[in-house]
Amino acid sequence: MTRKKFPIIIIGLCWLLFVLLAVQKHQPEPSVWQTDTTDVDRLRTGFVNPPDSARPGVYWYFMDGNLSQEGMMKDLESMKQAGIGKVVFLEVNVGVPRGPVDFLSDQWLVLFKHAVREAERLGIDIVLGVGPGWTGSGGPWVEPSQSMQHLVASSTEVTGPASHTLNLPVAKPKKPYFGEGGFTPSLKKQWEAFYQDVAVLAFPTPATRHPLPDSDEKALYYRAPYSSVKGTKPYLFPASPDWAGMNLAATSRKNVVDLTDKLRPDGTLAWQVPAGNWTVMRFVSRNNGAVTRPAPMPGLGFESDKFDTTALNAHLDRYVGKILRYVGPRKPGSSGGLTRLHMDSWEMGAQNWTAHFRQEFIRRRHYDPLPYYPVFTGVEIESRAISERFLWDVRQTAQELVVDNHANHLKRYAHRHGMALSIEPYDMNPTADLELGSVADVPMAEFWSKNYGYATAFSCYEAISIAHVNGQAQVPAEAFTAERAEAWKQYPGAMKNQTDWALAAGINQFFFHTFQHQSLNDSLKPGMTMGPYGVHWDRNQTWWPMVGAYHRYLSRCQFMLQQGRPVADILYLTPEGAPHVFRAPASALTGDAFIPDRRGYTFDGCAPGQLYRATVKNGQIVFPGGATYRLLVLPAWPTMSLTLLKKIQSLVKAGATVVGCPPRQTPGLTDYARADQQLRATVVEVWGGSKEPVSPVRRPYGQGFIHWGGAVCRPDTQSLYPTYAQTAAVLKKAGVIEDFVASVPMRYLHRQANAYDLYFVSNPSGNPVKANCQFRTTRGKPQLWDPLTGHTKPLPQFTVSNGYTTVPLQFDAYQSYLLVFAAETERPLIATLNVPRITATTPLTGSWTVAFDPRWGGPPAVVFDKLTDWTLNTNPGIQYYSGIATYRQTFDYPASRRLKNHRVSLDLGRVNQLAKVSLNGREVGVVWTAPWRVDITDLLREKDNKLTIEVANLWVNRLIGDEQLPDDGVKKNQWPDWLLTGQNRPTKRFTFTTNRLYKNGSPLIPAGLMGPVTLVEIDL
């Protein structure tokens, strides 16, 4: 070391120390339940003014090079103002002309760093997808040798005895699941050229061929999207014991000859062929055709190998690592910025090979897979049952490699850089959804807008189950994803019912799909879109200035539903094996496929990997994170590993109650004869025998019980579990009452902490209802916390009996409440009725002065003699108007009408679609859902009350009106010349969007304030 170098080294060491301290400071803290909360006042404070951590998020999408610094700043500032606290950053290529900023270029990095710094300033979290596009982890830097691969084979028939020099062809790659249209010419050339020899095997050609059914699926060549492709199996049944005697001219493993060392570089092989007819198979690895999708053009490339950490490291270094090195450490003390990495829904398809697959298989399964390679292609070795067992081992090994070498490796990488990892573990996932998702710091779901997409409620119950079992407080969801028919039709009020469904299911962090980055001039609205997809949740929406009220409602609910721990009675164990989609029995749910609600006994699903952490306390199954369950329900599944069976045995012996029939054999080939024998012996010990009882029986074992036999062993329709009635009967016989009962259909969620019980209750009907609600708690007097207003009040009318607190409640259409039961001394509150009485109503008659925005074609001022639908107006500027219009009227309110303990609300009647109310120059609030009222008591004057109501409708009508004019927008995926050159538009269209979804004459959507507007006097 010289003196000249010493200062440089010191500087370097200081910088390293700074980075390490910054990383340590921002290490992701586990999001766990706060079950030791004792101060309900603290809970109330968070409810009234939710912290930033409870704010909803958005998918912040960028379209292939269309980025601007000004647009980013405006996007983020509008999010902050509207109550958005998180973004998932993804750049894609969906239906928009390319922009000038190449993905990952120096200019791109400057803009991304700017976004990060702005997010740190504003306290907005950025969640970064782990690859370009939305689906995986890859890019143009991924070499074919480090991409997702398949093991494929060519077959050559030969007859002996004879000496042959065989020319063994290279098998073609499997057709990409999404076709070859995603390839660039360069990628297609690489896909066609790449292969690596793996093995050459020969075996006597069977006299008759009986290909293994569905071998392409079972051998993980393909995995279709479960959510969108009809007929996709949620799981693959393992080998049945009934197949043990089936041997349809299968090839004996002993007759498989390894000729690998005889293969020459030119693909020829010299072999002294024994007598008989022989099949020679040349096995090679080929790329599976999965590319980053829908990635920006500079980010288009192969998906990285999901089995190999070396391949993943190479990808991360070129993508996430490059970004992190440029952006630098998070700003000290910042509550925002880069906080998480994200794996979105699995859409890369399946792989079944990697360079070290054979070694990994031997290490994990304890036998050599080489003689069984023909089974990959559907050739049966030994027997149907043996071949199926082998493919189970292949899928299990693949799952373990994905979990260990991809998901867990990503998690460790994120943690090293001070971030957490979230995972949407569903759709084309070739592993078990719950096993993959349980790796995440933050398991995540996706639900589509009802009537505008796919029924993916199952993914919500999967993520919710993972989080509950793991003891994780946050359960986010990609929310209200939509297809082209949505077309700006949705708004908060239309989404209220599905919002409350998701909250009652257990989703407590919404990420709206999608907030499209607006890089165009602010005069061009609605502006940029993500092709035709997503609910349009961005600053160019007509109603965006009012959306904060909906976000405040969400934030209150999300804050509350992240507290305490969830209460559930039933734990459904999923079987071992992959792929697997968890589906609870249909009878355990009520409602339709899009928004199904749990019944009175709630449930979670549990992966086998999670169950190993369970213990038993007071007869209940308990997990380290605090989740407890009264019943463990087994799947109707023929196989179970001896290790899992022993775990279940230990739980029952310790006092657990288990519902379900025993397995019949172990899966896989690993020492299966001995394992099957031990399994049968354990089944006899625990269940008392393997012969199913004719009627359900309750068998004691150790300190616990096994319920099985009869209808208990008959799974519900399209499920692996007993019907809800069978499971509920077990709980009722044990003296466990339902968690929630109501006199009319209601949905609910129950959470619990040491100091309180918390219920979220929602009316799923579009009509007002009265309900007697029974809550399974006797902890304290009920309090109603209204998330719409932030008000809390005691509920004096209730009864306590038979373990229930019964509370009479009244709900408006789709209305919801939080009820808190706490054994605390309540703060002094005005004694109120459960349901306040309306004592008088006074309609506001007379005309209204209405001002429209001329920039969007409306008249600056008109008089409405009565409140009517804008679309029925003869003035085209009103008929096709989209935006905000302001209604004004003046009224009196004599002092003689003021009564003690009375409040006065302004009821707007029917509103299309949102309204902001001001009285006497003071903003009162935004009305976006029932009961369509705001309290105006404190602002009322005797004379000349100046009422202002700003009403926002949707973009739909103006878009339709503009279709009467020539199109001057995007054509053939090219920006119009007037936009590129900064010239005036050649037409008089008011709107501009990158995706046309309407035609001239399309139906208009009702708009404006319909009323009647009424003063409502309420006796509290």
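Me: Hi! Which strand gives the largest share of the lining of the largest pocket?
Reply: Strand β45 does, with five residues. Keep in mind that this is a predicted model.

Me: Thanks. Which other elements supply at least two residues each?
Reply: Besides β45 (922-927), they are α15 (548-560), β34 (792-794), β36 (804-811), β42 (902-907) and β46 (933-935).

Me: How much space lies in that pocket?
Reply: About 1500 Å³. The lining has 42 residues, and D786, T789, H791, S905 and D935 are the closest to the centre.

Me: And how do the lining residues divide into nonpolar, polar and charged?
Reply: There are 22 nonpolar residues, eleven polar and nine charged.

Me: Switching to rings. How many aromatic pairs are there?
Reply: The count comes to 67 aromatic pairs. One of them is F480 with F510, a tilted pair with 6.2 Å centre to centre and 50° between the planes.

Me: What does the F480 and F510 pair tie together?
Reply: F480 belongs to strand β14 (residues 476-481) and F510 to strand β15 (residues 509-516), so the pair links parts that are 30 residues apart in sequence.

Me: Are those two buried or exposed?
Reply: F480 is buried, and F510 is buried too.

Me: Which residues form an aromatic cluster?
Reply: One cluster is formed by F283, F307, W353, F357, F361, Y367, Y372, Y373, F376 and F390.

Me: What about charges over rings, say K113 and R293?
Reply: K113 has its charged end over the ring of Y326, 5.4 Å from the ring centre. For R293, the charged end sits over the ring of F178, 3.9 Å from the centre of that ring.

Me: New topic: where does P100 lie?
Reply: P100 is in the loop between β2 (86-92) and α4 (106-122).

Me: Is P100 buried or exposed, and why?
Reply: P100 counts as exposed because its relative accessibility is 69%, and the cut-off for exposed is over 50%.

Me: Which residues does P100 touch, leaving out those up to four places away in sequence?
Reply: P100 touches G65 and Q107.

Me: And what separates P100 from N66?
Reply: Their C-alpha atoms are separated by 6.5 Å, while P100 and N66 are 34 residues apart along the chain.

Conventions: Residues are numbered from 1 along each chain as its sequence is written. This is a predicted model: local features need pLDDT of at least 70, side-chain atom pairs count only at pLDDT 80 or more; totals for chains, interfaces and linings use all residues. Side-chain values use heavy atoms; hydrogens and water are left out. Rings of Phe, Tyr and Trp (its six-membered ring) pair if their centres lie within 6.5 Å; planes under 30 degrees apart count as stacked, over 60 as edge-to-face and the rest as tilted. Helices (H or I, at least four residues) and strands (E, at least two) are DSSP runs, numbered from the N terminus. Buried means under 20% relative accessible area, exposed over 50%, partly exposed in between (1.4 Å probe, protein chains only). A charge sits over a ring if NZ of Lys or CZ of Arg is within 6 Å of the ring centre and within 35 degrees of the ring normal. Contact means heavy atoms within 4.5 Å. On a 1 Å grid over the protein atoms alone, a cavity is a set of points where a 1.4 Å probe fits but cannot get out, and a pocket is an open set with protein on both sides within 12 Å along at least five of seven lines; lining residues have an atom within 4 Å of a point. Grid points are joined across faces, edges and corners, and a volume is the space filled by probe spheres set on the points. Ala, Val, Leu, Ile, Met, Phe, Trp, Tyr, Cys and Pro count as nonpolar, Asp, Glu, Lys and Arg as charged, and the others, Gly among them, as polar.
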